[in-house]
Amino acid sequence: MENMNVIETYLNTLNSKNTKVTYNRAILDMFEYLDNKNVQDITNIDLQNYRSYLFDKFSDNTVQTKLRAVDSFFKFLFENYMIKVNPSVGRDGKPLSLKKRIEKVRTKTYIPMEQSVKLIDYGKNSRDRAI
């Protein structure tokens, strides 16, 4: 089974033109990362490694979009008997795209009231003070 034919078959099931473009790019990126490995030979470990690669290179939202596309692609293939095992589902039964990376704790930084008053007073005109 040729990868490009399988991708085209999957994309034809999608309704939105934008979704087709986004998912096509995401799936092609995955195959590129996996050196165009045959779709039937892709394992869960391959996809976990791909996920790690994505987190090192892209924002969380981009990673989730790409993984959602890959997950949907493999789910389609599995449900239509084109592959025997869905590699995007882990042993826990959860799709790869729903696993979250450990987020860094972000703290809000505030300046003290005295400094903010000084900044406002530093403005030369009403426009500068408003900014």
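Which residues in α3 meet which residues in α4? I found L47, Y50, R51, L54 and F55 in α3 meeting D60, V63, Q64, K66, L67, V70 and F74 in α4; contact here means heavy atoms within 4.5 Å.

Before going on, I noted that this is a predicted model, where local features need pLDDT of at least 70, side-chain atom pairs count only at pLDDT 80 or more, and totals for chains, interfaces and linings use all residues. Residues are numbered from 1 along each chain as its sequence is written, and side-chain values use heavy atoms, with hydrogens and water left out.

Next, the helix pair. I saw that the axes (lines fitted to C-alpha atoms over the stretch in contact, with angles from 0 to 180 degrees between N-to-C directions) of α3 and α4 come within 9 Å and cross at roughly 160°. The two are therefore roughly antiparallel, a label for angles over 145 degrees.

Then I checked the whole chain. I counted six helices and zero strands (DSSP runs: H or I of at least four residues for helices, E of at least two for strands). Buried residues, those under 20% relative accessible area with a 1.4 Å probe and protein chains only, make up 33% of the 131 residues.

Leaving out residues up to four places away in sequence, I listed I42, L47, Y50, V70 and F74 as touching M30.

Key:
Buried means under 20% relative accessible area, exposed over 50%, partly exposed in between (1.4 Å probe, protein chains only). Angles under 35 degrees count as roughly parallel, over 145 as roughly antiparallel, 65 to 115 as roughly perpendicular and the rest as oblique.
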